[in-house]
Amino acid sequence: MRRVSFTQSGGFVGAVRSCRIEVAALAAEERASLEQLVASSGLEASCECLSDNCRDGRTYEIVIEHETKVVRAVFDEPSLPEAARPLVSFLKARATPGMR
């Protein structure tokens with residue numbers, strides 16, 4: 001895995017927060033944590049899973065760049081898989097205001 005990008009948008013005020021993590025630049029412990037979270041997230045293929053009834057909810061875009069493929073997953077709060085929630089929490093903690 002080379003890079004993980006994350007964008008959180010929407011909500012009542014429409015604020016955007018994002019981060020872009022270069023995996024090789026992480027300390028060994030943090031890299032291992034991120035790799036484990038990605039592996040257990042179930043995000044193995046690109047998808048856009050948005051619910052019909054989430055008007056002012058947050059939307060999460062996660063892009064995982066592997067050596068040979070890119071996985072882009074988009075979810076809103078209701079459609080976010082339980083297995084991916086720890087990864088989203090990890091990424092939200094590193095996200096800063098503004099566009100990516």
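Predicted model: local features only at pLDDT ≥ 70, side-chain atom pairs only at ≥ 80, totals over all residues.
1. Take C19: it takes part in no disulfide, and the nearest cysteine sulfur, the one in C47, sits 18 Å away. C19 is also buried, because its relative accessibility is 9% and the buried class covers anything under 20%.

2. How far is the sulfur of C49 from the closest cysteine sulfur? The closest one belongs to C47, at 3.7 Å. A disulfide needs the two sulfur atoms within 2.5 Å, so the C49 and C47 pair is too far for a bond. As for accessibility, C49 comes out at 31%, so it counts as partly exposed.

3. Next, find R3 in strand β1, which covers residues 3–10. Is R3 buried or exposed? With a relative accessible area of 16%, R3 is buried, because the cut-off for that class is under 20%.

4. Stay with R3 and check what its side chain does. Another polar contact, of 2.6 Å, links the side chains of R3 and E65. Both glutamates also turn up among the residues that R3 touches: setting aside residues up to four places away in sequence, these are R20, I21, E22, V23, V63, I64 and E65.

5. On to the helices. Helix α1 (residues 28–41) packs with helix α2 (residues 85–92) at an angle of about 140°, and their axes are 8 Å apart. Which residues make the contact? From α1 they are E30, S33, L34, L37, V38 and S41, and from α2 they are P86, L87 and F90. Sorted by class, that contact has 6 nonpolar, 2 polar and 1 charged residues. If you're wondering about handedness, the crossing of α1 and α2 is left-handed.

6. Last, have a look at R85, which lies in helix α2. Its relative accessibility is 30%, so R85 counts as partly exposed. Leaving out neighbours within four places in sequence, R85 is in contact with E77 and L80. Now pick out S41 as well: how far apart are the C-alpha atoms of R85 and S41? They are separated by 7.6 Å, although the two residues are 44 residues apart along the chain.

Technical notes:
Residues numbered from 1 in each chain as written. Heavy atoms only, no water. Helix = DSSP H or I, 4+ residues; strand = E, 2+ residues; numbered from the N terminus. Buried < 20%, exposed > 50% of the residue type's maximum accessible area, 1.4 Å probe, protein only. Polar contact = N/O pair within 3.5 Å; in protein donor to acceptor, adjacent residues only side chain to side chain. Contact = heavy atoms within 4.5 Å. Axes fitted to C-alpha atoms, helices over the stretch in contact; angles between N-to-C directions. Left-handed = near helix turned anticlockwise from the far one by under 90°. Nonpolar A, V, L, I, M, F, W, Y, C, P; charged D, E, K, R; others polar.
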